[in-house]
Amino acid sequence: MGDGAELVRLSAWVHGRVQGVGFRWWTRSRALELGLTGQATNARDGRVHVVAEGPRDDCERLLELLGSGDTPGRVTLVVESWEPARGDLTGFEEG
C-alpha cells in the first residue's frame, strides 16, 4: 500500500488576482468534490490562504487545481507546505 491515503494538511498561499473573483467559492467547491475539509481565507495582502486536510492524493490534486490556470481570477504563484493532519477541521469554509 502506498502513502497516497496518508492523511495530511496542505497549507497553500495563492498569489495573484484571487480576491473578489469567486476564487474562494471555486476552491471550496473543488475541495468538497475531493472530500477534503478546510478553509479558504482572504489575506490582507491580496493572497488567499487555503488549508485542506484529507488523503495526500486528494490534497495534491487540489494543489494541482489551484495552479492549473483554470481558476477564477489569475494565479501567479502557489506556495505550499505540508504537515500531518490535525483532524480539527469540519466541512470547508470560506473565511
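User: Which residues is His 49 in contact with, leaving aside its neighbours within four places in sequence?

Analyst: Contact here means heavy atoms within 4.5 Å. In this predicted model, His 49 is in contact with Ser 11, Ala 12 and Trp 13, and also with Gln 39, Ala 40 and Thr 41.

User: Which side chain does the side chain of His 49 make a polar contact with?

Analyst: A polar contact is a pair of N or O atoms within 3.5 Å. For His 49 the partner is the side chain of Ser 11, at 2.7 Å.

User: Where is His 49 placed?

Analyst: His 49 is in strand 3, which covers residues 48-55.

User: How many helices and strands are there in the chain, and what pattern does the chain follow?

Analyst: Two helices and five strands. Along the sequence they read β-α-β-β-α-β-β. The radius of gyration is 12 Å, close to the 12 Å of the globule rule for 95 residues, so the chain is as compact as a globular protein of that length. Along the principal axes, the C-alpha atoms fill a box of roughly 40 × 25 × 20 Å.

User: What share of contacts comes from residues 24 or more positions apart?

Analyst: Take the contacts with a separation of 6 or more; residues 24 or more positions apart account for 78% of them.

User: What about burial and surface?

Analyst: Buried means under 20% relative accessible area. By that cut-off, 38% of the 95 residues count as buried. The chain exposes about 5200 Å², with 47% supplied by carbon and sulfur atoms.

User: How many positive and negative side chains does the chain have?

Analyst: There are 11 positive and 15 negative side chains. The centres of the two sets lie 9 Å apart.

Note on methods
Residues numbered from 1 in each chain as written. Predicted model: local features only at pLDDT ≥ 70, side-chain atom pairs only at ≥ 80, totals over all residues. Heavy atoms only, no water. Helix = DSSP H or I, 4+ residues; strand = E, 2+ residues; numbered from the N terminus. Polar contact = N/O pair within 3.5 Å; in protein donor to acceptor, adjacent residues only side chain to side chain. Rg over C-alpha atoms; globule rule 2.2 N^0.38 Å. Buried < 20%, exposed > 50% of the residue type's maximum accessible area, 1.4 Å probe, protein only. Areas by Shrake-Rupley, 256 points an atom, 1.4 Å probe, with all protein chains shown as cover. Lys, Arg positive; Asp, Glu negative; His and termini not counted. Charge placed at Lys NZ, Arg CZ, Asp CG, Glu CD.
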